[in-house]
Amino acid sequence: MIIIEQLIDGIIVDISERRLVENETIFRDANRQIKEMASRVLGQAQKTVIPVGFYCECSDRDCRERIELTPEEFDEVHSIANQFVIKCGHEILRVEDIVEVQGDYCIIQKHFMPEDLV
């Protein structure tokens, strides 16, 4: 198990790799709800061209930054179970790799992805 030190409220805290993934999946799940609602409102033709503000899916539980993606782009990122979309600079390279950079956001792949969180 990998333990990461993260600064939270001015205190260095040890956080397990699993906990980091859990935080990211919470944001991914919220974003799936945003995508479903946006897809219904936009309709099939518009979901490929109109961007929506999705939450950054980084492991920082307090992050509320937004990333502009179309619902179709969101689906493309998540077509691979261990991929997440985050603001560039929010990555933790000890537990994830950057696989693509698109402007101000990055697509990352987790090194470890528990079966129950896929």
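A charge is taken to sit over a ring if NZ of Lys or CZ of Arg is within 6 Å of the ring centre and within 35 degrees of the ring normal. The model is predicted, so that local features need pLDDT of at least 70 and side-chain atom pairs count only at pLDDT 80 or more, while totals for chains, interfaces and linings use all residues. Residues are numbered from 1 along each chain as its sequence is written, and side-chain values use heavy atoms, with hydrogens and water left out.

**Exercise 1.** Determine which residue lies over the face of Tyr 55, and classify the pair that Tyr 55 forms with Phe 27.

*Solution.* Step one: Arg 66 lies over the face of Tyr 55, at 3.9 Å from the ring centre. Step two: rings of Phe, Tyr and Trp (its six-membered ring) pair if their centres lie within 6.5 Å, and planes under 30 degrees apart count as stacked, over 60 as edge-to-face and the rest as tilted. Step three: the ring centres of Phe 27 and Tyr 55 are 6.3 Å apart and the planes stand at 45°, so this pair is tilted.

**Exercise 2.** Classify the pair of Phe 54 and Phe 74, and state whether these residues are buried or exposed.

*Solution.* Step one: with 4.7 Å centre to centre and 10° between the planes, Phe 54 and Phe 74 form a stacked pair. Step two: buried means under 20% relative accessible area, exposed over 50%, and partly exposed in between (1.4 Å probe, protein chains only). Step three: both Phe 54 and Phe 74 are buried; Phe 27 also counts as buried, at 7% relative accessibility, whereas Tyr 55, at 22%, counts as partly exposed.
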